[in-house]
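Visitor: Could you walk me through this model and tell me what backs up each label you put on it?

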Amino acid sequence: MKKVSLFIFSLFALITVNAQNIDRSKFIKDSLDLYINRALTNWRVPGAAVCIIKDGKIVLMKGYGIKELGLLNKVDDNTLFMIGSNTKAFTATALAMLQAEKKISLDEKVTKYIPEFKLENKLAGEQAIVKDLLSHRLGFKTFQGDFTFYNTNLARHEVIAKIGQMKPAYPFRTTWGYTNSAFLTAGEIIPRVTGKPWEVYLKENIFAPLGMGNTLALSADMPKSLNRTVPHTLVDGRLTAIPYCNIDGLAPAGAISSSVNDMGKWVMALLNNGKVGNRQVIPAAAINATRQAQDIVGSVQHLNGETNYQLYGLGWFIQDYAGHRLIMHDGGVNGYLSSVTLVPKENLGIVILTNTDQNSLYEALRWEIMDAYFKMKYFNYSDAYLNINKANVTNELQADKRKRDTLALLPKPALSLNKYTGKYVNDFYGSMTITEGERNELEMRFEHHPKMFARLQALGGNRFYVTFSDPTYGKAVFPFFVQNGAVTGVRVKVANFVEFDPYDFKKVN
């Protein structure tokens with residue numbers, strides 16, 4: 001659904017200045033397979049799938065690697081991957097289709113369709129229009145609220161209600177901030193005007209007409225599929241299969257699973273103004289509506305040294321690169337990263353799916369393919385990204401080792417463990433409880449994450465080293481707040497992949 005951090009702009013300095021002098025026209029045909037297979041090994045990506053469309057024809061559609069680490073089941077054209085936030089373009093397009101049919105207006109107030117919708121700023125909530133939801137300009141920080149919403153037991157209507165409790169970081173419409181809960185809200189307009197759930201509307205009006213027969217709208221259906229990949233991540237430096245996330249409470253923001261074959265049909269239609277053969281499946285006006293810039297994300301420095309704009313339309317990022325206008329998006333959920341890129345004037349489309357959330361191959365490969373078509377020099381992006389990734393991983397492992405070394409000394413907490421146990425409440429999230437666990441440790445369980453727990457080990461003082469049972473939430477150090485010898489609260493921080501800001505919980509008993 002998310003969640004892909006941009007690499008630091010200084011990457012360009014690490015790229016070889018004297019790029020290989022090769023015939024770029026032959027790269028796709030003669031060298032791409034070798035490049036991908038080598039990169040899968042270097043990045044430790046179990047499986048991937050790639051589709052390239054040029055001038056209305058499929059240049060490449062292929063699966064690489066395996067579905068699950070340790071098994072020999074190979075990825076093929078129809079193998080499913082979760083596509084994360086590449087779901088957003090489907091949601092925005094569906095709403096734009098309803099606008100083309102004059103059933104809604106994207107410029108209409110959200111409250112016309114969802115009367116209970118509110119923001120903490122009452123006037124902003126009353127003035128917000130559908131486009132505000134689809135372009136991340138409500139005033140929230142990127143990923144704000146996602147620890148509460150992501151992979152939790154909250155229903156969609158409960159997420160919408162909680163949005164009204166979030167304190168915006170910025171004034172309304174002044175600053176772009178990627179907001180998954182806003183896309184959920186937008187998607188819930190669909191059943192209000194059609195009488196059909198978001199997932200049913202997409203299946204009937206986009207998936208089926210495009211022939212996307214294997215695509216699933218809901219994450220809960222992914223484990224039931226026969227031809228599916230398994231999600232992977234790195235745990236203490238080891239590649240590990242992990243459980244599927246269930247994000248159907250945020251489904252319109254990131255729940256779709258698809259194959260490279262089906263995604264190729266989606267991209268083919270988008271590059272052909274919504275047509276499949278002579279059939280107009282998606283109105284051209286709907287496609288155009290999603291590609292109109294709505295907000296400024298900022299500037300971006302490309303690997304060729306250019307500094308250009310980055311904008312956001314409706315479910316799509318918009319960039320310029322080497323004189324070409326790109327319509328693009330990345331997607332990331334537990335164990336998956338993906339990329340979809342359109343270059344409309346070049347009639348070029350690229351789909352990249354991977355089944356680990358610890359790689360930048362999905363990104364490097366996108367630029368590699370585009371550079372080949374744009375007749376630009378060969379940079380070997382994969383190796384350049386890999387060098388930075390290795391340095392980051394090494395730093396993280398060293399920092400984690402220092403904490404583990406401290407744990408090995410068996411430091412004692414400032415207070416007895418039972419002083420930290422009890423019920424804690426965060427006004428936005430809800431409640432969590434801390435109990436004494438095994439081996440002189442604490443265990444933390446969260447109201448809206450019933451399948452997840454956190455293990456707390458004393459680091460000395462009132463600081464505890466925290467390991468989540470779900471590795472997606474990362475590792476952290478939680479400080480407890482103490483006054484007059486009594487614990488009053490704790491600061492909870494999950495991985496930036498989920499949310500950047502911490503949550504302060506107050507001890508209530």
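What follows is a chat about the labels and the numbers behind them.

Guide: Quick ground rules: this is a predicted model, where local features need pLDDT of at least 70, side-chain atom pairs count only at pLDDT 80 or more, and totals for chains, interfaces and linings use all residues. Residues are numbered from 1 along each chain as its sequence is written, and side-chain values use heavy atoms, with hydrogens and water left out.

Visitor: Why is Asp132 called buried?

Guide: Buried means under 20% relative accessible area, exposed means over 50%, and partly exposed is in between (1.4 Å probe, protein chains only). Asp132 comes out at 0%, so it counts as buried. It sits in helix H5, residues 130-134; helices here are DSSP runs of H or I with at least four residues, strands are E runs of at least two, and both are numbered from the N terminus.

Visitor: And what makes the Asp132 and Arg137 side chains a polar contact?

Guide: The term needs a pair of N or O atoms within 3.5 Å; within protein, one must be able to donate a hydrogen and the other to accept it, and residues adjacent in sequence count only if both atoms are side-chain atoms. The side chains of Asp132 and Arg137 are joined at 2.3 Å, so the pair falls inside that 3.5 Å limit. Leaving out residues up to four places away in sequence, Asp132 also touches Gln127, Leu138, Phe172 and Arg173, among others, where contact means heavy atoms within 4.5 Å.

Visitor: What makes Phe90 and Trp266 a stacked pair?

Guide: Rings of Phe, Tyr and Trp (its six-membered ring) pair if their centres lie within 6.5 Å; planes under 30 degrees apart count as stacked, over 60 as edge-to-face and the rest as tilted. The whole structure has 30 aromatic pairs. In the one you ask about, the centres of Phe90 and Trp266 are 3.8 Å apart with planes at 20°, so it is stacked. Phe90 belongs to helix H2 (residues 87-100) and Trp266 to helix H12 (residues 260-271), so the pair ties together parts 176 residues apart in sequence. Both Phe90 and Trp266 are buried.

Visitor: Which residues touch the most other members of the largest nonpolar core?

Guide: That core has 162 residues, and Phe90, Phe147, Leu202, Trp266 and Phe446 touch the most other members. A nonpolar core is a set of buried Ala, Val, Leu, Ile, Met, Phe, Trp, Tyr and Cys residues joined through side-chain atoms within 4.5 Å. Phe147 has contacts that include Tyr429, Phe446, Met452, Tyr473 and Tyr503. Ring pairs also link Phe147 into a cluster with Tyr429, Phe446, Phe468, Tyr473, Phe478, Tyr503 and Phe505.

Visitor: What about the span of H1?

Guide: H1 (residues 27-43) would span 24 Å as a straight helix of 17 residues, but its end C-alpha atoms span only 21 Å. H1 also bends by about 25° at Asp33, the bend being the angle between axes fitted to the seven residues ending there and the seven starting there. Buried residues of H1 include Phe27, Ile28, Leu32 and Trp43, and their cover includes strand S1 (47-54) and strand S2 (57-65).

Visitor: Why is Leu410 called exposed?

Guide: Its relative accessible area is 69%, so Leu410 is exposed. Leu410 lies in the loop between H15 and strand S15 (422-426), and its phi is near 55°, a positive value in a residue other than glycine. Lys102, with phi near 65°, is found in the loop between H2 and helix H3 (110-113). At 76%, Lys102 is exposed too.

Visitor: And why is Gly461 called partly exposed?

Guide: Gly461 has 33% relative accessibility, so it counts as partly exposed. It is in the loop between S18 and S19 and touches Lys412, Pro413, Ala414 and Tyr420, not counting residues up to four places away in sequence.

Notes: Expected span 1.5 Å × (residues − 1).
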